[in-house]
Amino acid sequence: MTLDLAAFAKDKGIKYFMISYTDLFSGQRAKLVPAQAIAGMQEEGAGFAGFATWLDMTPAHPDLFAVPDATSVIQLPWKKDVAWVAADCMMEGRLVAQAPRNVLKKLVGKAEAAGKRVKTGVEAEFFLITADGEQISDGRDTAEKPCYDQQAVMRRYDVIAEICDYMLELGWGAYQNDHEDANGQFEMNWEFDDALKTADKHSFFKFMVKSIAEKHGLRATFMPKPFKGLTGNGCHCHISVWDNDGRVNVFADKTAEFGLSAEGRHFLGGIMKHASALAAITNPTVNSYKRINAPRTTSGATWSPNTVTWTGNNRTHMVRVPGPGRFELRLPDGAVNPYLLQAIIIAAGLDGLDDRADPGPHHDIDMYAEGHLVKNAPRLPLNLLDALRAYDADETLKAAIGSEFSAAYLKLKHQEWNAYCSHFTQWERDSTLDI
């Protein structure tokens, strides 16, 4: 039975709903709707001009209606009279094929039709910086190896604990928080869930972290590489596949190498097969490639991959298998679209299952020190243009995630790349003025 949002509002003391959708560039778009109007919105949706956000539309397109999915509703723990609800984009009574949440729901349905239930967890790293965005917010956070620094994390206790308290209140199963490998960087973990639920939580988490940081006079950024010389923001994704009842982990096999079943290896094979094209989604900005192709950082490691390799419990590869029945994709970064991340994983993995793809040999070496010894593994794209070209050339993956979405995404991302290339930088003056 569909949750009645009007009744939910009355029961919880909600005055306003944020009907929210995420566009192709991960922009979170919302309308603030009074509770008295939510019944109509739940039926018809809130109206938007699609062209005014990052969707491939024109001013001549009809109204886009964001229809709230009541199963996703979350009462804002820090502002109890407001509730956030994820929405599905409709136009003229039909789902908008390029809208990221719709893309994911279609792939989840495809997986379910194949008897598979994909479950994931994300590790969304972020920096707490000054309100002007110029530097990290803690001037005393200067250690060469700041990871797990207990003094540094306690100096930001008010922010981190408030966010964690809210995740616990929401029932997310938050279980650890730490200062990450870069000065000013943090990570907060909560339990894995079905792919769509993880995507909704991921989207809300970013909104919540930014909101609480602002409340404390700070700014939170998930930018992949906000500071030269410091480790960038990853968004590692842990992946497992279960039966449709969610009771049997079909990736788990105690007798197999790393505890990863044949189906798990085939799903991983799909990830490896499509890795270069995957980067266009998992690493969607110009800045993303300053993270995955970064030189040595001040801490001694970038903690991000640059080559298409996999391993056991070794963090220097693109994929690691840290324990039985799951694997961790370390390619995505903080700019990744929460819905497209899950969608592209499912699309690549299902193709791997269909094709019985072999992930190839695993490597147990330190890729940062000995990566040159691996001769047959492809390098990851060096920049966004290379990634877009790899994605455009991967007809199987484009079709799996949706041809209409793929066309829209490639069009807008090529425009972004062209805008970047036409931008005049200080580096050009410094490098060329006296030639």
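These legends describe close-up views of a predicted model. Local features need pLDDT of at least 70, side-chain atom pairs count only at pLDDT 80 or more, and totals for chains, interfaces and linings use all residues. Residues are numbered from 1 along each chain as its sequence is written, and side-chain values use heavy atoms, without hydrogens and water.

**View A. The largest nonpolar core holds 121 residues.** Such a core is a set of buried Ala, Val, Leu, Ile, Met, Phe, Trp, Tyr and Cys residues joined through side-chain atoms within 4.5 Å. Buried means under 20% relative accessible area (1.4 Å probe, protein chains only). F17, F126, F205, M318 and Y391 touch the most other members. Helix α10 (residues 338-355) gives the largest share, 11 residues. Helices are DSSP runs (H or I, at least four residues), numbered from the N terminus. Another core, of 6 residues, lies apart and includes I129 and F227.

**View B. L268 sits in helix α7 (residues 262-273).** L268 counts as buried because its relative accessibility is 0%. Leaving aside neighbours within four places in sequence, L268 contacts (heavy atoms within 4.5 Å) L260, W310, V319, F327 and P359.

**View C. An open sheet of 4 strands runs in the order β10-β11-β9-β13.** Strands are DSSP runs (E, at least two residues); two of them pair if DSSP finds at least two bridges between them. The pairing is antiparallel. β10 (176-179) and β13 (219-221) are the edge strands. In β11, Q185 is the bridge partner of F127.

Definitions and conventions
Buried means under 20% relative accessible area, exposed over 50%, partly exposed in between (1.4 Å probe, protein chains only).
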